[in-house]
Amino acid sequence: MLDTDFPDCLIHIEPEPATLEHLELVHTPAYIKQILSTAERDYTTLAPDTSVSAKTYLAAWLAVGACIKGLEALMSGRCRACFCLVRPPGHHALPDRAGGFCIFDNLGVAARYAIEYHGFRRILIVDWDVHHGNALQELFYADNRVLYFSSHYMGWYPHTGDWEETGIGEGSGYTVNIPVFKEMEDRHIIHIYNEVLSPIVRRYQPELILIAAGFDAHHRDPLGRTRLTEESFRWLTQMILQLSESVKSAPILMCLEGGYDNYALAASVREVLGVLTFQGRRERIPLVSTRRASEVIDKCRRVHKKFGVWTA
Ligand SMILES: [Zn+2]
């Protein structure tokens, strides 16, 4: 798909493995050592749902390294948006524990790196994977330098991300969880993002936007099973791009998370890249107000009103 549909308009950046120093921004030395020890073995089970082969450690190291390199490409002005097409995914990987197919927390490391090495003070993470990014949430739960926004179906792994999980201490109100309904369609998610993410960007004024771009909410996905089509990801990308333009063109780093149907994955990534490369003209985002989405939006506003982080 990349070769046929985007032959000339993408800058390809070859990743390098992350350094230990980078990994230790999130992960414990003992855990990193444990992952390294899987290198010589054909098969190791790290968690009931997460097994690795002899070369997984290298893929995981490169996935984090790709995010660092992508971030550096943004910082140097080489590009305005960067999509890290990596596996394994990262948003379930805790500092000392693998889970949900994730080994290292790719975007978690990227966010910490952006804070430590580039002095960012307001980073927005948008997680549209159908699963809740428990590790991303946990990492920044008490930290207002990162606002974590996630839409997900709570009936699936890891069953976290309830409304009232909103952050603690300095981070109170800086975690925004939106448990969505399983029958969610394109019009619902577009409506929800428009009503919640727009005021978040307006008020929080992010300097950097990270997107945990999982595509398992697609209706063809064997794990996700909500009702989105690839069109959703096109409109959400366009919305975030427009929102970023409203805040001094905050650079956008996207990182692949879940997505387990190859057709749906390619089709969804194609839509995202089409927007990012400005192929096809910009169209008006099809906003339709629905009762079910309105209920979700109202609930989210009610829960977050007391913090005043993004609510009026
Ligand atoms: Zn997922």
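## The sheet

An open sheet of 6 strands, with parallel pairing, is arranged in the order S3-S8-S7-S4-S5-S6. Its edge strands are strand S3 (81-84) and strand S6 (175-179), each of which pairs on one side only. Direction ignored, neighbouring strands of this sheet are turned by 10° against each other on average. Two strands pair if DSSP finds at least two bridges between them; strands (E, at least two residues) and helices (H or I, at least four residues) are DSSP runs numbered from the N terminus.

This is a predicted model, in which local features need pLDDT of at least 70 and side-chain atom pairs count only at pLDDT 80 or more, while totals for chains, interfaces and linings use all residues. Residues are numbered from 1 along each chain as its sequence is written, and side-chain values use heavy atoms, with hydrogens and water left out.

## Strands S4, S5 and S7

Strand S4 (residues 123-127) runs parallel to strand S7 (residues 208-213), and 5 bridges join them. Isoleucine 125 has leucine 210 in S7 as its bridge partner. S4 is also joined to S5 by 5 bridges, again with the strands running parallel. Here isoleucine 123 stands opposite valine 146 in S5.

Strand S5 (residues 146-152) is largely enclosed by the rest of the structure, because 7 of its 7 residues are buried. Buried means under 20% relative accessible area, exposed means over 50%, and partly exposed lies in between (1.4 Å probe, protein chains only). In a regular strand the side chains alternate between the two faces of the sheet. Both faces of S5 are covered: Val146, Tyr148, Ser150 and His152 are buried on one side, and Leu147, Phe149 and Ser151 are buried on the other.

Isoleucine 178 is found in strand S6 and is buried, at 0% relative accessibility. Leaving aside neighbours within four places in sequence, isoleucine 178 is in contact (heavy atoms within 4.5 Å) with Phe149, Ser150, Ser151, His152, Trp163, Ile192, Val196, Val296 and Cys300. The C-alpha atoms of isoleucine 178 and leucine 107 are separated by 20 Å, and the two residues are 71 apart along the chain.

Threonine 38 sits in the loop between helix H3 (29-36) and strand S1 (44-47). With a relative accessible area of 2%, threonine 38 is buried. Not counting residues up to four places away in sequence, threonine 38 touches Thr44, Leu46, Val52, Ser53, Ala54 and Tyr57.

Helix H9 (residues 262-276) lies across S3 and strand S8 (252-256), and runs at about 165° to S3. Axes are lines fitted to C-alpha atoms, for helices over the stretch in contact, and angles run from 0 to 180 degrees between N-to-C directions. Aspartate 5 and arginine 270 form a salt bridge through their side chains (2.5 Å, N to O). Aspartate 5 lies in helix H1 and arginine 270 in helix H9, so the pair ties together parts that are 265 residues apart in sequence. Aspartate 5 is partly exposed at 28% relative accessibility, and arginine 270 is partly exposed at 35%.

Leucine 2 lies in helix H1 (residues 2-5) and is partly exposed, with a relative accessible area of 32%. Leu2, Leu10 and Leu85 make a nonpolar surface patch of about 220 Å². Patches are made of residues with over 30% relative accessible area and no salt bridge; like charges are joined within 9 Å, and nonpolar side chains (Val, Leu, Ile, Met, Phe, Trp, Tyr) within 5 Å. Accessible areas come from the Shrake-Rupley method with a 1.4 Å probe, and for residues only the protein chains shown count as cover.

## Other salt bridges

The whole structure holds 14 salt bridges, each being a side-chain nitrogen of Lys or Arg within 4 Å of a carboxyl oxygen of Asp or Glu. One is formed by glutamate 245 and arginine 80, whose closest N and O atoms are 3.9 Å apart. Glutamate 245 lies in helix H8 (residues 230-246) and arginine 80 in the loop between helix H4 (56-75) and S3, so this pair ties together parts that are 165 residues apart in sequence. Glutamate 245 is partly exposed at 35%, as is arginine 80 at 33%.

Arginine 122 forms a salt bridge with glutamate 207, with the closest N and O atoms 4.0 Å apart. Arginine 122 lies in the loop between helix H5 (106-118) and S4, and glutamate 207 in the loop between helix H7 (186-204) and S7, so the pair ties together parts that are 85 residues apart in sequence. A network of salt bridges links Glu231, Arg234, Glu271 and Glu283.
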